[in-house]
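Hi there,

Here is the structure I promised to pass on. Have a look at it first, and then read on for what turned up.

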Amino acid sequence: MECDQQGVVFNAHYLTWADEASNVWWAAHGLPWDVLVARRIDPVVKASTLEWTSSARWGDTVTVDA
């Protein structure tokens, strides 16, 4: 579902992956989502920028670092 009919990852999915990496980052720092909610901490995206040198394609492994 992440790739179009040409086998290239649709641009919006890169932001989904960034969001997932953000959740893992918070958890790695001792603040999993349930703790954030309990503390009334609501991280939001203020801005985003994507840069890449080539598209990810069907079968590629993509590593997202936060």
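Helix α1 covers residues 12-28, which makes 17 residues, and runs 25 Å from its first C-alpha to its last, close to the 24 Å expected at 1.5 Å a residue. Please keep in mind while you look around that this is a predicted model.

Which residues of α1 are buried? They are His13, Tyr14, Trp17 and Ala21. Seen down the axis of α1, these buried residues fall within an arc of 105 degrees, so they line one face of the helix. As a reminder, an α-helix has 3.6 residues a turn, so residues three or four places apart point the same way.

Ala12 also belongs to helix α1. With a relative accessible area of 40%, Ala12 is partly exposed. Between Ala12 and Asp42 there are 30 residues in sequence and 22 Å in space, C-alpha to C-alpha. Just after α1 you will find Gly30, which takes a positive phi of about 80 degrees.

**The protein as a whole**

The secondary structure comes to 2 helices and 0 strands. The radius of gyration of the protein is 14 Å, well over the 11 Å that the globule rule gives for 66 residues, so the protein is more spread out than a compact globule. Along the principal axes, its C-alpha trace spans about 45 × 20 × 20 Å. Of the 66 residues in the protein, 15% are buried.

**After α2**

Helix α2 takes in residues 33-38, and Arg40 sits in the segment that follows. Most residues other than glycine have a negative phi. Arg40, however, is a residue other than glycine with a positive phi, near 60 degrees. Is Arg40 buried or exposed? Its relative accessibility is 79%, so Arg40 counts as exposed.

Ile41 lies in the segment after α2 as well. The relative accessible area of Ile41 is 32%, which makes this residue partly exposed. Ile41 and Leu31 are 10 residues apart in sequence, and their C-alpha atoms are 9.8 Å apart in space.

**Two pockets**

Now for the pockets. The largest pocket has a volume of about 370 Å³. Its lining is made up of 18 residues, and those nearest its centre are Leu15, Ala18, Asp19, Ser22 and Val45. Which element gives the most to this lining? That is α1, with 7 residues. By class, the lining of the largest pocket divides into 12 nonpolar, 4 polar and 2 charged residues.

The second largest pocket holds about 150 Å³ of space. Tyr14 and Trp17, two of the buried residues of α1, are among the residues that line this second largest pocket. The rest of its lining consists of Thr49, Leu50, Glu51, Trp52, Val62, Thr63 and Val64. Sorted by class, the lining of the second largest pocket has 6 nonpolar, 2 polar and 1 charged residues.

After that, you could turn to the largest pocket, to whose lining α1 gives the most.

Happy browsing, and do write back with any thoughts.

Best wishes

Conventions
Residues numbered from 1 in each chain as written. Predicted model: local features only at pLDDT ≥ 70, side-chain atom pairs only at ≥ 80, totals over all residues. Heavy atoms only, no water. Helix = DSSP H or I, 4+ residues; strand = E, 2+ residues; numbered from the N terminus. Expected span 1.5 Å × (residues − 1). Buried < 20%, exposed > 50% of the residue type's maximum accessible area, 1.4 Å probe, protein only. Arc of directions from axis to C-beta. 1 Å grid on protein atoms, 1.4 Å probe; cavity = no way out; pocket = protein on both sides within 12 Å on 5 of 7 lines; lining within 4 Å. Points joined across faces, edges and corners; volume = space filled by probe spheres on them. Nonpolar A, V, L, I, M, F, W, Y, C, P; charged D, E, K, R; others polar. Rg over C-alpha atoms; globule rule 2.2 N^0.38 Å.
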